[in-house]
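Have the model open beside you.

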Amino acid sequence: MTTRSTRSPRRRTVVALAVVLAVLAGFIVRLVDIQVVSAREHIEDSKSIALGGSRPLYGTRGSIVDESGQTLAGSILLYDAQLDPSNVGPVERTAADGTTEEVSWTAVAAEIGAITGQTAGEVQKVVTDAKAADPDSQYAQLKRGLTTEQYRSLAALDIPYLYFDQHPSRMYPDGAVAGNLVGYMGLDGEALGGLEQTQNGCLAARNGSTTFEKGKDGVIIPGTEVVQPAENGGTLALTINRDLQWYMQQLIAEQVQDMGALSGTITVVEAKTGKIRAAADFPTLDPNDVDASDPDDRGSRIFINSFEPGSTFKPLTAATLIDAGGQTPASTVTASGRESFPNGARVGDSFNHPEYLYTLAGVLIDSSNVGISKFAERVSPEVRYEYLKRFGIGDGSEIPFNGQPSGDLRTPDRWDNQSFYNIAFGQGVSTTIPELMGAYQALANDGVKIPLSLVDSCTRADGSVVEPELSEPRRVVSESTAVAVQQMLENVALQSTLSDQVAIAGYNVADKTGTGEKTDGNGRYKSGVYFTTMIGFAPAEDPQYVVAVTLDEPTRIKSSGANASAWQKAMTQVLKTYRVMPSTEAPTVLPKFG
């Protein structure tokens, strides 16, 4: 039986519980109204007192790699440090003994500066200037471009008003190796030179962003974040061999300095594919430290210079004579050391000699200007022009490179009496290294010209591969003509005055020199200064690689003999790098005189 005394407490308990449940129900109903039913209205209300904000999401710029995938240019993360001036002040830290200590703002500024390379005063000034511009400022840029090590050291200080943004930056792990080709980036991330610029369409990333709304307390309002993903750049694969490129850069630097030249280049092309395996310049550029180089040294002279080729043109004239003029390596002319022609033109050789009965092979061996001029009379100017165009002279290359010129080959109607002869031995006409390399590649490849290439492919972030569009290979001269010129150039290497300097044990080699005069910009030739070239291929009986060495105004040796030792070392290294088998047959010796 329940008594009055027991019913009263129970009733109070039930009533209290009911009241509590009613209150909870009211809270739940109101919470559902706020969070679900009226959520959109409340978000809009909050925006009236909210601050808009955004953060960039950085895509990673694509890498540039060599033929084997070794990185020539890549991206790393750097950090930008910012301060919140509205919260700057002393920092409380827990000491080793467990007690709490307060570190003053001045001391904190000194800790920060010790890592960022600033003084305590400079760090404090960042905050002072920000507050002067805006007393309510919550943002002040402290230092940009901090390394990962600096970022970690700053983060370890556990300063609540110091925060960071990360962004990608360019790095070149091998420094100057291929620097003139790869190019460089500006501090603002703009591609400014070389392949970084011309291949920006492959390499460039597309940045994304995160936008949001935050309240006055700086907290992001839930549900307001909108993310636009970033897109990474593609990987640019070059035909260059990094290790060979490094060797050639050391070699040409040494040769330029030994010969007292202004500059120099070494170019290596695979004869059967047209792929450029090395393109070395000196002076060169380290893209990690662009300001350390002269602006004139920041491009690749291989691709941005033109020059008079001199006697390296004689094999092209010889190929024309054989292919279209019925001549052979054994065809003859009589030539003295200096002669005047019926049209009033005068031509002289680089050395005095009596009248010789030269073979065409002998004209190349002795590099006789008079001899090749007399041979050139046996084909019309129109035919000679047509064949030079077939070889690619004056057409430029298909390699995209900013500032790349084309050679200057005038049409026959603009040839005067002197240039009729001079063009046969490479004067009064200009070309470029890619054009000349392309012509010799055709001779080395049995008469078939393959466009030179520096880029193998671009692999996009989605995995798709894009290869450069190049013209189809084309026949320039017959196979028999090309083989005849190969043999004549092999005899140049065997019988010229530089034969000992270019010989490579175990290999038959073929080469030709050229000593081109330089103009002063006003149409007159400079006195006593030359642009020298040595170009050739090996093995002579089955050419695999074409190598050219150029020097601009060598002073110790002013002729193309200045290039000989570097050419021999360069070709030797190429044959080793690609494990080209030695020659197995004796060279074909051709007579120099009839």
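Which residues in helix 11 meet which residues in helix 14? From helix 11 come Leu316, Thr320, Asp323 and Ala324, and from helix 14 come Val383, Arg384, Tyr387, Leu388 and Arg390. Sorted by class, that contact has five nonpolar, one polar and three charged residues. (Nonpolar here is Ala, Val, Leu, Ile, Met, Phe, Trp, Tyr, Cys and Pro; charged is Asp, Glu, Lys and Arg; the others, Gly among them, are polar.) Contact itself means heavy atoms within 4.5 Å.

A quick word on what you're looking at: this is a predicted model, where local features need pLDDT of at least 70, side-chain atom pairs count only at pLDDT 80 or more, and totals for chains, interfaces and linings use all residues. Residues are numbered from 1 along each chain as its sequence is written, and side-chain values use heavy atoms, with hydrogens and water left out. Helices (H or I, at least four residues) and strands (E, at least two) are DSSP runs, numbered from the N terminus.

Back to helix 11, residues 314–325. Ten of its twelve residues are buried, so the rest of the structure largely encloses it. Buried means under 20% relative accessible area, using a 1.4 Å probe and protein chains only. Its buried residues pack against helices 12, 13, 14, 16 and 17, plus strand 21. Just past the helix end, Gly326 takes a positive phi of about 70°.

How does it sit against its helix neighbours? Helix 14 packs against helix 11 at an angle of about 115°, with the axes 10 Å apart. For helix 17, the angle is about 140° and the axes are 9 Å apart. That makes helix 11 oblique to helix 17, oblique being what is left once angles under 35 degrees (roughly parallel), over 145 (roughly antiparallel) and 65 to 115 (roughly perpendicular) are taken out. The axes are lines fitted to C-alpha atoms, for helices over the stretch in contact, and angles run from 0 to 180 degrees between N-to-C directions. On the helix 17 side, Pro315, Ala318, Ala319, Ile322 and Asp323 of helix 11 meet Thr481, Ala484, Val485, Met488 and Leu489.

Strand 21 leads us to the sheet. Five strands form an open, antiparallel sheet in the order 12-11-23-22-21, where strands pair if DSSP finds at least two bridges between them. Strands 12 and 21 stand at the edges with a single partner strand each, so one side of each has no neighbour in the sheet. Strand 21 pairs with strand 22 over nine bridges, and Thr519 has Tyr525 as its bridge partner.

Notes
Buried means under 20% relative accessible area, exposed over 50%, partly exposed in between (1.4 Å probe, protein chains only).
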